[in-house]
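Please read this briefing alongside the sequence and the 3D view.

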Amino acid sequence: VQCYASDEKVNKTTNIPYPYPENGGLNFVKMAIEDWENGKNYNFALEVNGKVISGLGLNLPDYKKHTIRCDYAISSSYWGKGIATEAVKIALLYAFNTLEMKIVVSSCLDRNVASRRVLEKNGFKENDSFIFNSNKFADEAAHWYELTKEEWQNKTA
């Protein structure tokens, strides 16, 4: 986690803090385990040859509305290989079948065309545009995406 979260290219398009704190990876894993146990967030690690190259989270579940948010980041040396697309595909299976969610949402910066393609390849539809402002990004155009369980089932049938 420490390695991909410290990747400067990754940090230019994600909310991951940069520079990433020295013990950030270890602290994140501890928090992720606690969140999973409490049903707060569901974080997955993707590894290649024993090396974690990516993280994917199904975050902020609303169990009454059956919605959850999908967030992901992948080490820049693995960009363009279809790994994020496949990871999101597997996460959707977990969100809809195991967690019994009805809607999965996600967002990305407008300039992050690759991330937009990951979502679109998995059947997400753009739901809204917005201006993202945070400590890290100022006045950045961004997009909300949404995928319903019914749309996902039709796509995967």
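Arg 117 counts as partly exposed at 40% relative accessibility, where partly exposed lies between buried (under 20% relative accessible area) and exposed (over 50%), using a 1.4 Å probe and protein chains only. This is a predicted model, in which local features need pLDDT of at least 70 and side-chain atom pairs count only at pLDDT 80 or more, while totals for chains, interfaces and linings use all residues. Residues are numbered from 1 along each chain as its sequence is written, and side-chain values use heavy atoms, with hydrogens and water left out.

**Salt bridges**

- The side chain of Arg 117 meets that of Glu 120 in a salt bridge (3.4 Å, N to O), a term that requires a side-chain nitrogen of Lys or Arg within 4 Å of a carboxyl oxygen of Asp or Glu.
- Because they are three residues apart in helix H5, Glu 120 and Arg 117 are separated by about one helical turn; helices (H or I, at least four residues) and strands (E, at least two) are DSSP runs, numbered from the N terminus.
- Glu 120 is itself partly exposed, with a relative accessible area of 35%.
- In helix H4, Lys 89 and Glu 86 are likewise three residues apart, and therefore separated by about one helical turn, and their side chains meet in a salt bridge (3.3 Å, N to O).
- Asp 71 and Arg 69 also form a salt bridge through their side chains (2.8 Å, N to O); Asp 71 is partly exposed at 23% relative accessibility, and Arg 69 is partly exposed at 26%.
- Asp 110, Arg 116 and Glu 126 are linked in a network of salt bridges, and the count by this rule comes to six salt bridges.

**Strand pairing**

- Strand S1 (residues 41–48) pairs with strand S2 (residues 51–62) in the antiparallel sense over eight bridges, pairing being assigned if DSSP finds at least two bridges between two strands.
- S1 and S2 form a hairpin with two residues between them, and Asn 49 in the turn has a positive phi of about 50 degrees.
- S2 is also joined to strand S3 (residues 67–74) by seven bridges, running antiparallel, and Gly 57 has Asp 71 as its bridge partner in S3.
- Strand S6 (residues 140–148) pairs antiparallel with strand S4 (residues 103–109) over seven bridges, and seven bridges join S6 to strand S5 (residues 125–132), also antiparallel.

**Nonpolar cores**

- The largest nonpolar core has 27 residues, and those touching the most other members include Leu 56, Val 88 and Phe 124; such a core is a set of buried Ala, Val, Leu, Ile, Met, Phe, Trp, Tyr and Cys residues joined through side-chain atoms within 4.5 Å.
- H4 (83–98) is among the elements that each supply at least two residues of this core, and H4 gives the most, with seven residues.
- Apart from this core lies another, of six residues, among them Tyr 4, Val 10, Ile 16 and Tyr 20.

**A buried aspartate**

- Asp 7, in the loop between helix H1 (2–5) and helix H2 (8–11), is buried yet has no salt bridge, and the nearest side chain of opposite charge, Lys 9, is 6.5 Å away; Lys and Arg count as positive and Asp and Glu as negative, whereas His and the chain ends are not counted.
- A polar atom of the Asp 7 side chain lies 2.9 Å from the backbone nitrogen of Lys 9.
- Ser 75, in the loop between S3 and H4, is buried with a relative accessible area of 10%.
- Not counting residues up to four places away in sequence, Ser 75 touches Tyr 4, Asp 7, Val 10 and Ile 53, with contact meaning heavy atoms within 4.5 Å.

Terms used
A polar contact is a pair of N or O atoms within 3.5 Å; within protein, one must be able to donate a hydrogen and the other to accept it, and residues adjacent in sequence count only if both atoms are side-chain atoms.
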